Amino acid sequence: MAASRRPVQRRLVSCLLTAAACLFPFALPSGTAAAQDTGDLSLAAGTSVGLHNTYNDTAAFPYLAQALDAGTSLVELDTWVDPFTLEWKVSHANPLGNSNNCVDANTAADLYRGGANKDLGSCLDDIRIWLAAHPGHPPIMIKLEMKAGFDATVGLGPTQLDSLVQAHLGSDVYRPADLMAGYPSLDAAARADAWPKRSALAGKVVIEAIPGTFEQNNPFDHLWTDTEYAQHLAALQAAGNLGQAQIFPSVLGAASGDPRTRYSDATLRPWFVVFDGDAHAYVDGGIDTSWYDANHYLLVMTDAQNVDPAISDTAPSQADASARVAQLAAAHASFVSSDWTGLPSVLSEQLPRG
């Protein structure tokens with residue numbers, strides 16, 4: 001086959017793997033809940049649907065862009081700091097290597113070709129390039145699970161992560177300083193519902209960072225991602241440089257009441273306006289999730305399938321999955337996360353919250 005025909009062949013293969021991308025390469029699937037007009041709602045007043053470990057499911061999505069084509073509004077990237085190569089690796093279990101569906105893309109066509117297994121910067125490039133090719137797309141949350149946390153001692157701390165995000169996403173990021181403008185704290189801004197309308201955030205990303213599984217189980221790690229990044233925000237604010245911060249630290253784990261009380265340093269609590277935890281624990285555990293909605297905090301509910309009665313974790317019926325999303329939207333979720341890779345009409349849903 002002539003070299004000039006190879007990009008076409010790759011595009012056809014990509015389309016066969018992701019039908020939605022072939023039929024609707026620059027729009028969300030038509031005739032779905034995504035057609036609901038939620039653009040006049042603030043970011044905190046709507047509910048979107050995302051995928052767990054988006055980068056890692058190479059069987060469903062050989063390319064990260066195909067997950068975006070499928071409609072997901074939440075992309076999860078598991079990130080390791082590599083102290084030997086001084087890189088930010090993206091992998092589920094290999095701390096010293098990349099194992100993912102990200103490529104070295106420079107154009108929209110590049111998103112569906114070339115070798116995968118690239119670093120965090122390339123994954124962010126893929127998202128930026130895809131958004132540029134899909135103007136008007138609803139805002140996307142990028143969820144960074146910092147598997148082993150930061151390592152500022154080798155130059156892989158919050159400052160360097162901010163610089164990496166800025167270099168690869170630029171003005172596409174909605175930052176903590178953007179929310180806090182004119183308010184004394186992130187908490188005050190959120191409670192005032194200072195989040196922009198969703199239409200104003202079209203083509204933008206919001207980044208949350210959570211402590212990683214390895215970090216949480218490391219008995220020698222006494223400074224987890226959430227606390228370290230909150231301290232970073234406080235230091236930037238004190239120096240008049242909050243605009244450099246690119247990420248919202250997230251409180252991980254469903255809990256009753258205000259889970260920020262776990263932070264012994266009370267001055268850090270107002271830096272947390274994003275919360276993340278298991279949907280089953282929130283919905284079936286007697287937790288008053290209306291508190292998050294009333295204060296306009298963002299609430300990510302994971303493992304949507306486990307809410308009673310449990311449904312398939314990979315391939316429920318479209319009706320069951322859509323009903324579960326509606327249930328969690330009513331239960332005040334901002335983002336509903338699952339592994340329903342084959343349901344683009346559900347992944348594309350944008351609903352009012354509460």
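## Helix α4 and its surroundings

The axes of helices α4 and α5 approach to within 8 Å of each other and cross at roughly 35°. Here axes are lines fitted to C-alpha atoms, for helices over the stretch in contact, and angles run from 0 to 180 degrees between N-to-C directions. The crossing is right-handed, a word used when the near helix is turned clockwise from the far one by less than a right angle. On the α4 side, the contact is made by Leu120, Gly121, Leu124, Asp125 and Arg128, and on the α5 side by Leu161, Leu164, Val165, His168 and Leu169. Contact means heavy atoms within 4.5 Å. These residues divide into six nonpolar, two polar and two charged. In this grouping, Ala, Val, Leu, Ile, Met, Phe, Trp, Tyr, Cys and Pro are nonpolar, Asp, Glu, Lys and Arg are charged, and the others, Gly among them, are polar.

Before going on, please keep in mind that this is a predicted model, in which local features need pLDDT of at least 70, side-chain atom pairs count only at pLDDT 80 or more, and totals for chains, interfaces and linings use all residues. Residues are numbered from 1 along each chain as its sequence is written, and side-chain values use heavy atoms, with hydrogens and water left out.

### How covered is α4?

Helices (H or I, at least four residues) and strands (E, at least two) are DSSP runs, numbered from the N terminus. In α4, 12 of the 14 residues are buried, meaning under 20% relative accessible area, with exposed over 50% and partly exposed in between (1.4 Å probe, protein chains only). Among the buried ones are Cys123, Ile127, Trp130 and Leu131. The buried residues of α4 pack against α3, β2, β3, β4, α5 and β5.

The largest nonpolar core has 96 residues, and Leu77, Leu161 and Trp195 touch the most other members. The largest share of this core, seven residues, comes from α4. A nonpolar core is a set of buried Ala, Val, Leu, Ile, Met, Phe, Trp, Tyr and Cys residues joined through side-chain atoms within 4.5 Å. Leaving aside neighbours within four places in sequence, Trp195 is in contact with residues including Leu43, Tyr174, Phe248 and His296.

### Checking helix lengths

In α9, Tyr229, His232 and Leu236 are among the buried residues. Just after α9, Gly240 takes a positive phi of about 75°.

Most residues other than glycine have a negative phi, and most peptide bonds are trans. Asn117, in the loop between β3 and α4, has a positive phi near 65°. Asn117 is partly exposed, with a relative accessible area of 40%. Asp193, in the loop between α7 and β5, has a positive phi near 55°; Asp193 is partly exposed too, at 27% relative accessibility.

Where does Pro309 lie? Pro309 is in the loop between β8 and α12, and a cis peptide bond joins Asp308 to Pro309, with omega about -10°. Gln305 lies in the loop between β8 and α12. Gln305 counts as buried because its relative accessible area is 5%. Contacts of Gln305 beyond four places in sequence include Ala310, Arg324 and Trp340.
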